[in-house]
Amino acid sequence: MKKLLLIKKNYSFFPIGIAHVITALRHYGIDYDFVDLSRETINWTERLYNGEYFAVGTGGLYADFNFFTEFVGAVKQISPTTPFILGGHITSDLNHDIIFSKMPLDYAVVGEAEESLPALLFHLQNHKSTQPPVGISGIIYRDINGLPQFTNAGKTIDIRRVNVYPTWDDIDVDYYISVGLPGYEKMRAMPVLTGRGCTGHCTFCSPTNGRYRVRSVEHVMEELHRLNNKYDFDSFVFLNEIMYPTSKMVYEFIEAYRTSGIGKTWIACLRVDFGTEMLKAMKDAGCIGANCGIESGNDRVLAQMRKGITVEQVKAFFSNCKSVGLPAQGTFIMGNETETEEELIQTVDLLIEEDIFSPGGSLLIVYPGTEVYRRALEQGRITDEYGYLKSLDFSDIATKGTFRNVNYLNMSAMSDDVLFKTAIEQSRRQRTHNYGKFSARDIDPQTMTGDCRVCGTQATVKLNPFSLLDHMTYCPVCFSPVYFNFYESDYFIAHTVDLRETLAKKQRIAVYGVGTNARLLHMYDVIGLDLNKICCFIDENGHWKDEYFFNARVIPLQQLLTMEPDFILIADTNMTDLKEQLVHAGIPATMVMPLMPPDWGRLTGKQILPELPDEQIPLPEKFEPRPVMQSVGKCPLKVLFVALKWVDADPSRPLTSSFLFIDSLEQSGLGTSYSFFCDEFIHKQHQQCDEALYQMCQEVKPDFLFLHPTQGDGSITLDDDPEPKKKFFLFPRNETFQYIRDTLSIPIITTVGDAWGRDAFDRFESMMGFSEKILVLDPEVPFLKWTNNYQKYACLWTPIQHTIFYNTGQYRDIDVSFIGRTHTLLHNEFMPTHNPLHQYVYRDRFLQAMIAEGCAVFRAGGAQNIYPLTSEMIAEYFRRSKITLNFSYNSPGTKLFRGRVWEAMNCCPLLMEEENNSITKYLEPMLHYVPFSEPGDAIDKVKYFLKNDTYRQKIANAGYNMVHEVYNASRFWSECFKLLP
């Protein structure tokens, strides 16, 4: 028998409405498949296509209007004849004509769905989809002309009598507990509703389920017991707009909870007319937080919005909370209807003068279904309702900095410029007050601990490795907010003083980046940055599509000098040498300073370094497990690396890939590394390095020597040498290595990195005499087809620098990236290779074809940057990418499997790799990565995985786990040691 397909949009907070619908489906015995688009577990699209469902249903808020418009159309493309049902707040508040004209809907459920939805589903199961559901209340359907028709108003459930509760069995509760609830992201909490609707009549709000109806205390307690026995969490959060409307109801709940034996803490939304006795009783019964909507600090504005409270009541309520020791917070709105600048400032004055904690204020959004929305229509402020709904930004545009770029409807008495400027300044003033009042004492960045300023209890915060400003938690004892101001810690105070003194002297400041730190600089005044001095924001990556970020323009780096800044504050980047790169591009060093202290990268890098997995890990069938050498782990081997320190042996260029071997050995714990950098020795000593290497081998007595040579003739000239045209060979002669091997009995392993041509092959063949093995980091290079000394070659993967390439779980704001050259760069001039078969031209044309088909590919590397990419920069791009492309094509008939694959996978984007035989020796296609062939294939797969994010994450995580569990540093060096005699 066919089922209902129930879909949840991919938002990351508890789907409590969907969970109530599931309860109703189970009660009426309706079979269904539930799909959470953020946690997909079944191939529902294939099942839908095969006709396994008699209907598809979903629902949500009016903020999801654009999503539902696209999603309904996509479902109808897969199965045009399957009825689609939409429910939730969106159907109650939006114009039904707009909904049905813009979405290919069949039915909409208006109001509570527990009875009307099952009745509609039975109607459809009985093959009556061609007949109108006229006998069912709360249903909108299409008539024979395709126009929406409303049956009649849906019945409200008597929730005092009927026990309505959510069923969480089909939902990944552990995931949503870990994510947290809006406003309480730092807490492991479970949502509960004590009723539905709201007692208020606020003009800016459209209450969920209308007027307030209360559940019986017995039913609420039954649900609390069920949740407490089944799930692992710390607190309950009563999510409805108001927990209980009267003191009598609150006392009834308190008495029942106190004697229940549950013992968990809880948080509730309240009105501000509760007295001290009530608040103390709540605290004694386990309440750790009260939340209420203040909205404004001016009585005229409160009356205008029909809030039903006064400023004096607000003051009394929060004073009462303090007197009984109950943490409380209040939210507020900026830009209220008819509000003036002075009245907005009075709201923040109230919060600061009364020491009222608030997580922050938001700009008034004119929501559909509200009184202020109806007035906006009547006054002609909304002339194109569909256009307004489609462009409406429901997110917190005040803290995102996007208000100048959206279709914001300003209902205040202020002009847009005055409103935006005042909102930023006052919101920042309020948040900065919180930041200072609740800033932790005795902060230790190494342990991420600090003492609560209210009660002195030590609190621990989760590390955000990219921002010192974004660390806040709640005290585990008194539950007060705890902010971690690392800029005032002993570790970084010198940097803070330097920042403050420098910023005070500057007048036109360019902020580098439009990410988390740039946003938080507008929320907290911690380093003395005057926002009026910001002349522009620099968008390094081209992902910020709008003209403004907060009140300043966003420009590409190339236009920086046209803004005539006298200072550049580096805010958002993980490029540890960005200042040096900017200086290299011609910007004076005195004009550049990073927001992050210099020690922060090393500290956080140490903290987020992934732990090594246990040694006993099952290996894939393609690798034959062999025992590790007995010496490994008991007496680590000494390894001497002979390599170049800098790319092209040029100290102004980035470090070479040699460090990935050195760092990975140190990380593995299987050996001790010693380094001999030939180019560094030559630059310092102005002489060949043969004798120096031999002396170092005598002193260190390494267990083996690891040689990482370069291609070409391997020679340089030094400008400051007395003989300016004298050539210095970068590496010792082959005879020197042979002498070291013979006289000191030191085995030598030579590695082949990014090399493939005949010249490189000839050079490595010449090293056969002294090399124990030639280690190839690609099993398909032409070497293995040309050589007669096949037994001398060994194939392994490329080890990874885990201190640089790692996954932080950060938000990925780049949809698709390609990190690599598509042109050559010489003296800052583009020098395209005109051979159409050249790899750079091939890549460029491939990417151009993808971009022409609507794929927003972010490109970096080579001539696409005004400075060379460092490993840190590359890693950050990978961490920010949802999908990253990698090309294996090198020349006609040659495809290489490069180290970029392992670097990318260690940062956990979805790797899309051009088809080649090499990668399948290590990884499974469509399990650990996604292969692609020609541009059309890549385009289709990119679009598919961007739409199916859960599937994308599943493959990305599988690849990431494979890198960590199988192709890790320990395994790499264990395999290397097996090559020794």
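This report walks through the sheets, helices and nonpolar cores of one protein model.

The model is predicted: local features need pLDDT of at least 70, side-chain atom pairs count only at pLDDT 80 or more, and totals for chains, interfaces and linings use all residues. Residues are numbered from 1 along each chain as its sequence is written, and side-chain values use heavy atoms, with hydrogens and water left out.

**Overview**

The protein has 33 helices and 43 strands. Both are DSSP runs numbered from the N terminus: helices are H or I with at least four residues, strands are E with at least two. Of the 981 residues, 57% are buried. Buried means under 20% relative accessible area, exposed means over 50%, and partly exposed lies in between (1.4 Å probe, protein chains only). Contact means heavy atoms within 4.5 Å. Among contacts between residues at least 6 apart in sequence, 70% join residues at least 24 apart.

**Strand β1 and its partners**

Strand β1 covers residues 3–8, and five of its six residues are buried, so the strand is largely enclosed by the rest of the structure. Two strands pair if DSSP finds at least two bridges between them. β1 pairs with β3 and is joined to β2. Leucine 5 has valine 56 of β3 as its bridge partner. From β1 the chain passes through helix α1 (residues 16–27) to β2, in a right-handed β-α-β crossover. Right-handed means that, with the strands pointing away from the viewer, the path from the first strand over the helix to the second runs clockwise.

| Strand | Partner | Bridges |
|---|---|---|
| β1 (residues 3–8) | β3 (residues 53–59) | four |
| β1 (residues 3–8) | β2 (residues 32–36) | five |
| β12 (residues 265–269) | β13 (residues 287–295) | four |
| β21 (residues 509–512) | β25 (residues 567–570) | four |

An open sheet of six strands runs in the order β8-β11-β12-β13-β14-β15, with parallel pairing. At its edges stand β8 (189–192) and β15 (361–363); each has a single partner strand, so one side of each is left without a neighbour in the sheet. The twist averages 20° from one strand to the next. Angles run from 0 to 180 degrees between N-to-C directions, with axes fitted to C-alpha atoms, for helices over the stretch in contact. Alanine 268 stands opposite alanine 290 in β13.

Which residues of helix α10 (residues 276–284) are buried? They are Met278, Leu279, Ala281 and Met282. Seen down the axis of α10, the buried residues fall within an arc of 160°, so they line one face of the helix. The arc is that of the directions from the helix axis to the C-beta atoms. Their cover includes α9 (247–258), β12, β13 and α12 (311–324). Just after α10, glycine 286 takes a positive phi of about 110°.

**Nonpolar cores**

A nonpolar core is a set of buried Ala, Val, Leu, Ile, Met, Phe, Trp, Tyr and Cys residues joined through side-chain atoms within 4.5 Å. The largest holds 192 residues, and Phe253 and Trp266 touch the most other members. Another core of 50 residues lies apart from it, including Phe641 and Tyr929.

**A mixed sheet**

Six strands form another open sheet, in the order β23-β24-β22-β21-β25-β26, with mixed pairing. Its edge strands, β23 (548–549) and β26 (592–594), each pair on one side only. Helix α18 (residues 493–505) packs on this sheet and touches β21, β25 and β26. The direction of α18 makes about 140° with that of β26. Tyrosine 512 stands opposite isoleucine 570 in β25.
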